[in-house]
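Please read the following briefing alongside the sequence and the coordinates shown below.

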Amino acid sequence: MALNIVLIEPEIPNNTGNIGRLALASGSKLHLVRPFGFKIDDARLKRAGLDYWQHLSVTYYDNIAQFFEINKDENFAFLSSHGTKNHWDIPFKDNMFLIFGKESVGLPKWLTETHPDKLYKIPLYSTHVRSLNLANAVSVVVYEGLKKMN
């Protein structure tokens, strides 16, 4: 069973490297949508992904429009702190696309407004925290999906 992890315009190489390692460990595929906040050969990306990057199933897209054109018929779940449903309510299915926004601002507003029925959040139990680190958030959602699909 595979999930697809989609990072829209990731900004921090360490997060992307850790998410790449998570994708490989969980049997997921990674989709990276440009522009990035780093160069893909950044040492921090390689260090976080260690020597696993070469084994990873990763697809690169020039922009968000290209991603949605190529994957228009896929099953999506959008993750945002603005979601009204919790991540454990995602109807996980094999080959589902889990879409995460960039670290500084999350998903584009037009995207969250276009797909409110597929918008999910990870609940936070402290008013002192706005959101989780992107790599942590991806981990929480991916392993919830694997649990539900097994």
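Does Phe-97 count as buried or exposed? At 3% relative accessibility, Phe-97 counts as buried, where buried means under 20% relative accessible area, exposed over 50% and partly exposed in between (1.4 Å probe, protein chains only). This is a predicted model, in which local features need pLDDT of at least 70 and side-chain atom pairs count only at pLDDT 80 or more, while totals for chains, interfaces and linings use all residues. Residues are numbered from 1 along each chain as its sequence is written, and side-chain values use heavy atoms, with hydrogens and water left out.

**Sheet and helices**

- Seven strands make an open sheet with parallel pairing in the order β3-β2-β1-β6-β4-β7-β5; helices (H or I, at least four residues) and strands (E, at least two) are DSSP runs numbered from the N terminus, and two strands pair if DSSP finds at least two bridges between them.
- The edges are held by β3 (58-61) and β5 (85-86), each of which has a single partner strand, so one side of each is left without a neighbour in the sheet.
- Strand β4 (residues 76-79) runs parallel to strand β6 (residues 97-100) and is joined to it by four bridges, with Phe-78 standing opposite Ile-99 in β6.

**Aromatic pairs**

- Nine aromatic pairs are found in a search of the whole structure, rings of Phe, Tyr and Trp (its six-membered ring) being paired if their centres lie within 6.5 Å, with planes under 30 degrees apart counted as stacked, over 60 as edge-to-face and the rest as tilted.
- The ring centres of Phe-76 and Phe-78 are 5.9 Å apart and the planes stand at 50°, so this pair is tilted; both residues are buried.
- Phe-76 also forms an edge-to-face pair with Phe-97, at 5.8 Å centre to centre and 75° between the planes, and this pair links distant parts of the chain, from strand β4 to strand β6, 21 residues apart.

**Salt bridges**

- Six salt bridges are found in the whole structure, each defined as a side-chain nitrogen of Lys or Arg within 4 Å of a carboxyl oxygen of Asp or Glu.
- Lys-102 and Glu-9 meet at 3.1 Å, N to O, and link the loop between β6 and α4 (109-114) to the loop between β1 and α1, 93 residues apart.
- In a salt bridge between Lys-148 and Glu-144 the closest N and O atoms are 3.2 Å apart; Lys-148 is partly exposed, with a relative accessible area of 41%, whereas Glu-144 counts as buried at 13% relative accessibility.
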